[in-house]
Amino acid sequence: MNCVTLAGALSHRRRAGRRKTVTCQKRRLDSAIYRRLCMSVSAVGERVPWTPQLIRVMAGLLLSLFVAALDTTVVGTALPTISRELGSFELYPWIIAGYLITATTTVPIWGRLADIRGRRLVLLIGVLIFIIASALCALSPSTGWLIAFRTLQGIGAGCIQPIVFTVVADIFPLPQRARLQGVFSSVWAIAAIAGPALGALLVSTIGWRWIFTINIPIGIIATGLIWGYPERRPELADRRIDLRSTALLTVGVVLLLIGLGTGSRSASPIWPLLPPALGMLGAFAWLEWRASSPTLPLRLLRNGVIRSAIITSILAGTVMFGVISYIPLWVQSVQGGSAYQAGVAVGAMAVGWPIMSGIAGFIMVRVGYQRLVLAGALALLAGTLLLALGPAASGISWTVASTLVMGAGIGTFTAPLLIVIQSSVGWAQRGALTAFYQFSRTIGGAVGVAIMGIVLERYLGSAPTPILARTQLRAGLDAIFILLVAVSLAVVATAIGVVLGSRRSTMPAANTVTSNQSATTPRRDASTANQRN
């Protein structure tokens, strides 16, 4: 063997050795995370006692979540009245858009701040901003001021949901936390159902300003209850936040959302804004991957479970926002239904989601999260197929059944995935990862809805007469429903990857893990024990 051949063979063996080492390290990492999860599942007998102080804190968290969820649904009913009274009708889409943009862009920042400064302080600041902004919205003298105050209100709302779920993960071990997911998820169902009705009631009786005023007493009560949360957080070596990356993320997401049509009455994309948005987000990702204290923990995507959860969240957001945006148009313009029937069709998803989320939390310890993720993905696919392949004469009840099944599917896998990824990291990364999970769903929804809008616009633009426009509208919505089926198929593929990935790793079954863990098993999060009173 000559020198060149020998050198080539040695180089090939070195590369093969490096690949084998990386693969082994990845399997050891996945196995360690799974063993930590199994150990948490096995500790069913270890429960955090329900003391009066803990009950007060949980009540405060539920109220905080409720007031933020209610504000996302109650305002829409009052928009026509607000625009008539304050004027500037052309600006009224920004009453929603300003809130949406800040509530989305600030989520990762709040999550990172919660890891650095502690959950209690950050959550109290977020609720306080929300209360002050609500009072200012109620006093708004014009549409411009209302948009500014709604934008401020979105900053506070962006804090509440991720930090509330992070606090729950800090306090409770996995079995209790899984069961509590149903309680907290039901808050969104109550808000989705009660919000529009409450908004209509307030507008028709005491005026639209009370839609914002009602947040003040609820927020104050929640603040008083959360104030007693005895947080004990570990000392962190790195307590910085990268301002350069944070600025790139904020500006990039704002340009992306506006470029995708957020705030536009026609929801048409503004194409010149998209290249700088993508450039800033690309620069942000490059900096975050190398940062020692990242705002978004992108390096955690190396773990297969976390990566699958984030991808699934993005795809689920696409389906969820697609249903919210285009089912009302389908019901009213194609099926000939009323606005009330369109609301029922969308609300069915909000009912199916928390019901199955609660059931999934109760049975997750027994059946394992992998089966729930796959079952939820298949249910989501079934719901989109019902919608896309329904007979031509299918009525509104068929649409309601389809969205109900889709909501049940999303609820079946979102809660288990959130619980699993929260259990796979320590205290210092849990807030940022929880925020990342929520942020990915919102971004997936914004991008997906923009793509669906482009598809629908192409169909409507080809209609030469108003009569054909109705036919083309149906064809365009049918194409959007087929796109939702394709997205659901991607969710099923991701779920299958989660199941196969767990089987490939040499991991113990959850029901075989006992309290006598070996010395190689990672210890349980110290924060869980520290939160007990």
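This report walks through a predicted model of one protein chain, from its overall make-up down to a few single residues.

**The big picture**

Let's start with the whole chain. It has 533 residues, and 51% of them are buried. If you go looking for secondary structure, you'll find 18 helices and zero strands. Now take the contacts in the chain with a separation of 6 or more: 82% of them are between residues 24 or more positions apart.

**What sits in the core?**

The largest nonpolar core contains 109 residues. Inside it, Leu61, Phe184, Leu477 and Phe481 have the most contacts. Which helix gives this core its largest share? That's helix H12 (residues 304-334), with 14 residues. There is also a second, separate core, made of 19 residues, and Ile82, Leu86, Cys137 and Ile211 are among them.

Setting aside neighbours within four places in sequence, Phe184 is in contact with Met58, Leu61, Leu62, Leu65, Val164, Phe165 and Val168.

Is Phe165 buried or exposed? With a relative accessible area of 10%, Phe165 is buried, because the cut-off for buried is under 20%. Again leaving out neighbours within four places in sequence, Phe165 contacts Leu65, Gln181, Phe184, Leu418, Gln422 and Thr434.

**Two more residues to look up**

Ala133 belongs to helix H5 (residues 119-138). Its relative accessibility is 0%, so Ala133 counts as buried. Not counting residues up to four places away in sequence, Ala133 touches Phe149, Leu152 and Gln153.

Ile241 lies in a loop, the one between helix H9 (215-226) and helix H10 (243-259). At 25% relative accessible area, Ile241 is partly exposed. Skipping residues up to four places away in sequence, Ile241 touches Ile109, Arg112, Leu113, Ile116, Thr246 and Thr295.

| Pair | Apart in sequence | C-alpha to C-alpha |
|---|---|---|
| Phe165 and Gln422 | 257 residues | 9.5 Å |
| Ala133 and Phe149 | 16 residues | 5.6 Å |
| Ile241 and Pro294 | 53 residues | 7.3 Å |

**Helices H13 and H14**

Next, find helix H13 (residues 339-367) and helix H14 (residues 369-388). Their axes come within 7 Å and cross at roughly 130°. That angle makes H13 oblique to H14. Which residues make the contact? From H13 they are Ala360, Ile363, Met364 and Val367, while H14 brings in Tyr369, Arg371 and Leu372. Sorted by type, the residues of this contact come out as six nonpolar, no polar and one charged.

**Helix H15: checking the length**

Finally, here's a check you can follow yourself. Helix H15 (residues 396-423) has 28 residues, and at 1.5 Å a residue they should span 40 Å. In the model, the end C-alpha atoms of H15 are 41 Å apart, which agrees.

How many residues of H15 are buried? The count is 22 of the 28, so H15 is largely enclosed by the rest of the structure.

Conventions. Residues numbered from 1 in each chain as written. Predicted model: local features only at pLDDT ≥ 70, side-chain atom pairs only at ≥ 80, totals over all residues. Heavy atoms only, no water. Axes fitted to C-alpha atoms, helices over the stretch in contact; angles between N-to-C directions. Helix = DSSP H or I, 4+ residues; strand = E, 2+ residues; numbered from the N terminus. Parallel < 35°, antiparallel > 145°, perpendicular 65-115°, else oblique. Contact = heavy atoms within 4.5 Å. Nonpolar A, V, L, I, M, F, W, Y, C, P; charged D, E, K, R; others polar. Core = buried A, V, L, I, M, F, W, Y, C linked by side-chain atoms within 4.5 Å. Buried < 20%, exposed > 50% of the residue type's maximum accessible area, 1.4 Å probe, protein only. Expected span 1.5 Å × (residues − 1).
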